[in-house]
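Dear colleague,

Please find below the structure that I am handing over to you.

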Protein chains: 2
Amino acid sequence: MPTDPYRDLYALRAAGMTGSEIRALFSVLERPEVISLAGGNTDTDIVAHRIADCVAAVLSGKGATSGGDPLGYGMSDGVPALRALLCDLMALQGIEAAPHQILPTDGAQQALELIGKIFCDPGDLVLTEAPSYVGALQAFQSYQVEMRSVATDGEGLVPQALEESLAQIASEGRRAKFIYLVPTFANPSGITLSAARRPQIIDICRRNNLLIIEDDPYAYVRFEGESVPALRSLTDEGIIYLGTLSKVFSPGMRVGWVLAPEPVRERLLLAKEAADLCSSPFTQMVAATYLASGHVDEDLQIVRKVYRERRDTMADALDAYFPREARTRLPEGGLFLWVTLPDVLDTKAMLGRALEEGIAYVPGTAFYPRKSDGLHALRLNFSYPSVEQIEEGMRRLGAVVTDELELSRSLEA
Amino acid sequence: MPTDPYRDLYALRAAGMTGSEIRALFSVLERPEVISLAGGNTDTDIVAHRIADCVAAVLSGKGATSGGDPLGYGMSDGVPALRALLCDLMALQGIEAAPHQILPTDGAQQALELIGKIFCDPGDLVLTEAPSYVGALQAFQSYQVEMRSVATDGEGLVPQALEESLAQIASEGRRAKFIYLVPTFANPSGITLSAARRPQIIDICRRNNLLIIEDDPYAYVRFEGESVPALRSLTDEGIIYLGTLSKVFSPGMRVGWVLAPEPVRERLLLAKEAADLCSSPFTQMVAATYLASGHVDEDLQIVRKVYRERRDTMADALDAYFPREARTRLPEGGLFLWVTLPDVLDTKAMLGRALEEGIAYVPGTAFYPRKSDGLHALRLNFSYPSVEQIEEGMRRLGAVVTDELELSRSLEA
């Protein structure tokens, strides 16, 4: 590696920018012999046949958006019809929102970036669950924050642990800027914050003036069990809510949004303007036309049925092919299974071997602020691969895990 | 305005984020009675009829990109076929580039943002022309830089002034992070850095280890005169080159790119990943399919003919309807006329009156780091409005300017 002649020009924050272990895998995943249980793609075949119609409608001016050129620059605050339709979508979850409180973004990831940009000075404290969404860690850490994690259990964030964490921070004379949560089907753990705890968490945050970032990509992908109200449906104060059409429609359209208190939304809008002027009016209009098409519910029912079947296949294969020490918690929705292996196994070290055997996953370390955590866990995606690929992929991975475990035990012995 | 309950949570940099005076105008421009000579939109009717074909090809897997799901997540470093086609496009300008040096971005604006993010610490010095592109000022200033402008004349940046500016900075014991330039048909001035000066500027920057950001959106929109080589075609060291398909294809697709030395491109890629995971593979593939269609040159010839006619209409109308003290320099390409009015007129103060008369422009102050500059200038766009709208719009604006000038002189008398 030659020396970088520009190395003394970078900003201090550039040192804190690290690549996602998921995205680093992407080039390997192009190889046809590799079955990928990494990534977080959806099965876009389910909606693909709708897209051509939506695009045709938009290009002929018959889309869900009257006026406005899909091919020209748009307003930074997004296509008005899309904002209104997103309010309707959120209303299904009991969230009351007005279009002027919404800012469409390039996926919810851009909302995370903009939040980092307007809130985070170097050294600021940000709270999160652990494990937590890798893209959020990247976005916030790129603004040089200190991430601190709060304990979770099977019901999600532990209220007592949050209280203690905030007391600790106060005793240090510091203050956290916000807490970042994926309360429903957390990525990667699949854990849902229980309905009973939600008002408790809101109450603790309110008493401590702690802003909540509620990232909610998976609520529409619940296959079973009772739905749990979004935090934002319980209160409209002190919460910035992030949504995305990536799991409902298509990740490749890059349509996400942020629903924020008005003064915060104003700041986010200024940051958005500097970041890219505007999101594509074309993809926003295609998405709006899809939302208005009347097919969303029908398609979501297919999505839920298909993903549920894939989740079950994956869970059964875990039982069949993995050592019985491999543990998971069956999520009632979302896209992922989070698997914990015996402590003797290092999932990051094991990845090379797995790729050789034609199977990819994401090592647990990707999801922790401290890279020494999550060594024995891995994340598996069941939304993208077919049932057959899941079956074969789990067989391959199970064999690798079994082998590695035997090897490590023979070394110990 | 109620107090913002979140005001003590924002990052320091949030204070430096200001809205663009152009984008603030957008809501007014929705009113049908207003003719807009503001904005920087292109005439998308010229390519609109191509889009449906390109989209259909992409959705049926017959686009210029083999493999890869247009509807799923893409790689952060962009669609490979697009990167290769962008190399071909730049080769027309004599720029030698390899696909792995290119990072597609959401318009060139995102490249400006990412450059600000990886290079700029608070208080860093950044050099630019004055006037300069408002979006670049916003992106860099949002990272708390100090912008310093270097004098230009009719041939662009003055080499002697750059030398002096760098000597001054050195004498302060400081260093500029980079110089930002739009060397060809600068926005807003329309000025092109002369062919004779280009190697001189490169030489000065090289001797002073000053990185050049060459933003080149308009090179393909030259209607007359001899083309001038891109700085990046003269050297591949010390230059980060920004391109966009916004003026060639469609602003609404948000396809831009940055061509950077490899270590810099690596850093930009990490920042891009945190910013939005990836640009839309769908719009990237549509753009790639258009570039590969064989129609680009044919369409660009129409673009040039149409814009030239509109520029001429605007220049003629300036002669016909404006006081003779109004001055401009006829650009050989690009989208804008930069008009300087007598010192007694304040174009920002005049804007309200102009909007009442049904005509919009961008006040000159938008394009200066110091808001006390550019008071007497305004930017007019001729690429978006029709010849008839330009004629009528200039008549309205000419009347406003004439009135205001008479008023101010009667007050002086």
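The helices and strands named in this message are DSSP runs, numbered from the N terminus; a helix (H or I) has at least four residues and a strand (E) at least two. Please bear in mind that this is a predicted model.

In chain A, A:F185 sits in the loop that runs between β7 (176-181) and α8 (197-207). Its phi is positive, near 55°. Is A:F185 buried or exposed? Because a residue with 20 or more other C-beta atoms within 10 Å of its own is classed as buried, A:F185, with 23 C-beta neighbours inside 10 Å, counts as buried.

B:R254 belongs to the loop between β9 (239-244) and β10 (255-259) of chain B. B:R254 has 33 other C-beta atoms within 10 Å and is therefore buried.

I also noted cis peptide bonds in chain B. One joins B:A130 and B:P131, with omega at about 0°. B:P131 is found in the loop between β3 (125-129) and α6 (134-141) of chain B. Another cis bond leads from B:N187 to B:P188, and here omega is near 15°. The loop that holds B:P188 lies between β7 (176-181) and α8 (197-207) of chain B.

With kind regards

Definitions and conventions:
Residues numbered from 1 in each chain as written. Chains lettered and ligands numbered in written order. Predicted model: local features only at pLDDT ≥ 70, side-chain atom pairs only at ≥ 80, totals over all residues. Buried ≥ 20, exposed ≤ 12 C-beta atoms within 10 Å, placed from the backbone.
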